[in-house]
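Dear colleague,

Please find below the structure that I am handing over to you. My notes on what was found in it follow directly after.

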Amino acid sequence: MTVLMASAAIIAMTAPVASADSPDPIVIPIHNWSSQNVMSHVVGQIFDSIGNSVEYVSTDSQAVYESIRLGDVALEVEVWEGAYGASFDAAVEKGGVHAVGEHDAVTREDWWYPLWTKEACPGLPDWQALNACAALFATPETGDKGRFLGGPVDWLKHDQERVDALGMDFVVINAGSAAALWASLAAAERTRKPIVLFNWTPNFAEAVWPGEFVEFPEWVAGCNTDPSIGPNPDVTYDCGNPADGYLKKAAWDGMKDKWPTAYAVLSNVSFTNPQIAEMARLVDIDGMEPEDAAAHWLDQNVDIWTAWTN
Ligand code: TMO
């Protein structure tokens, strides 16, 4: 609470007025992972500081691109290439949504293990070595196959398609939430039990549990849509996710006319890998609410974000 009030004071001192912008609220979507929640509130609180009104809505992380296209939602602060590139491209193709530049951050989202796993399966990070160790990852749920713990289904990672395409002895079990991924990882750590699960960078997890991504056949554009691309000529999804993926910002085409000042700020916004990892940490380790974490971040980084509003 004190954090919020301090930030409000700073905001009051620095606020210009976005007089050209519509008084209608700018609707910002909230999804199911922490950095996106905090970053959405950071951007929303910056809009507040320049006199805009903001509303937050929880939405599905794939369907959001259709909502932006139709103008029901104004923008998206984290378009991860691996998880959302296909849905974003499909919406852009239909018209009504566009990219407002990229963050400085470079992203990766894929199968990942904490380093103690490698002691039991020394051929890692190679995917074929992982597959030869599949029995190490067996659970009552997966029989004699290994368990891959995927993220929530709406992240649409197509992990089962990849298992099938590469003929792997794994079964995909989807976690119900990001928090369930971290709880499983923490539980495995107690007995140093091998575990392979979905993870991404930037994220707080890399600072808590040193680990590595599994190296699958390298991503080639078209791998998920054209069977001839990738090592198995008969199927799609036979590649890893991009190892140096983008993180874009997206906006409804009407945003720049309805809220030109906020749109200009959004186009300036750019976060780095360490900044995004810290936003996740404030929630996942420090236990802050996303809006308080955002206020804290703004307090600590006034020079960075005020440069975006000028
Ligand atoms: C899109 N995500 C960061 C959850 O992989």
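**Charges over rings**

The charged end of Arg162 lies over the ring of Phe216, at 4.3 Å from the ring centre. Likewise, the charged end of Lys248 is placed over the ring of Tyr246, 4.1 Å from its centre. A charge sits over a ring if NZ of Lys or CZ of Arg is within 6 Å of the ring centre and within 35 degrees of the ring normal.

Please keep two points about the source in mind. This is a predicted model, in which local features need pLDDT of at least 70 and side-chain atom pairs count only at pLDDT 80 or more, while totals for chains, interfaces and linings use all residues. Residues are numbered from 1 along each chain as its sequence is written, and side-chain values use heavy atoms, with hydrogens and water left out.

Helices (H or I, at least four residues) and strands (E, at least two) are DSSP runs, numbered from the N terminus. Strand β8 covers residues 197-201, and five of its five residues are buried, so the strand is largely enclosed by the rest of the structure. Here, buried means under 20% relative accessible area, exposed means over 50%, and partly exposed is in between (1.4 Å probe, protein chains only). In a regular strand the side chains alternate between the two faces of the sheet. In β8, Leu197, Asn199 and Thr201 point one way, whereas Phe198 and Trp200 point the other way.

Strand β5 (residues 108-114) pairs with β8 in the antiparallel sense, over five bridges; two strands pair if DSSP finds at least two bridges between them. Which residue of β8 is the bridge partner of Trp112? The partner is Leu197.

Strand β10 (residues 247-252) is also mostly covered, with five of its six residues buried. Strand β3 (residues 75-80) runs antiparallel to β10 and is joined to it by four bridges; Val79 has Lys248 as its bridge partner in β10. Strand β4 (residues 97-102) is likewise antiparallel to β10, again with four bridges, and Ala99 has Ala250 as its bridge partner there.

**Aromatic pairs and the nonpolar core**

The structure holds 18 aromatic pairs. Rings of Phe, Tyr and Trp (its six-membered ring) pair if their centres lie within 6.5 Å; planes under 30 degrees apart count as stacked, over 60 as edge-to-face and the rest as tilted. The ring centres of Trp111 and Phe170 are 5.6 Å apart and their planes are at 70°, so this pair is edge-to-face. It links distant parts of the chain, as Trp111 is in strand β5 and Phe170 in strand β7 (residues 170-174), 59 residues apart. Trp111 is buried at 0% relative accessible area, and Phe170 is buried at 2%. Elsewhere, ring pairs link a cluster that includes Trp33, Tyr65, Trp200 and Trp209.

In soluble globular proteins, nonpolar side chains tend to be buried together. A nonpolar core is a set of buried Ala, Val, Leu, Ile, Met, Phe, Trp, Tyr and Cys residues joined through side-chain atoms within 4.5 Å. The largest such core here has 87 residues, and those with the most contacts inside it are Phe47, Trp111 and Phe170. Helix α2 (residues 34-49) gives this core its largest share, six residues. Domain 1 (23-106 + 245-309) and domain 2 (108-213) both contribute residues, so the core lies between them; these bounds come from an automatic or database domain assignment.

**Salt bridges**

Side chains of opposite charge can pair when their charged atoms come close. A salt bridge is a side-chain nitrogen of Lys or Arg within 4 Å of a carboxyl oxygen of Asp or Glu, and the structure holds ten.

One of them joins Asp24 and Lys258 (2.9 Å, N to O). Asp24 is in the loop between α1 (2-14) and β1 (26-30), and Lys258 is in helix α10 (residues 255-258), 234 residues apart. Asp24 is partly exposed at 35% relative accessible area, and Lys258 is partly exposed at 28%.

Another joins Glu66 and Arg69, whose closest N and O atoms are 3.0 Å apart. Both residues lie in helix α3 (residues 64-69), three residues apart, about one turn of the helix. Glu66 is partly exposed at 28%, whereas Arg69 is buried at 18%. Glu66, Arg69 and Lys94 are linked in a network of salt bridges.

With kind regards
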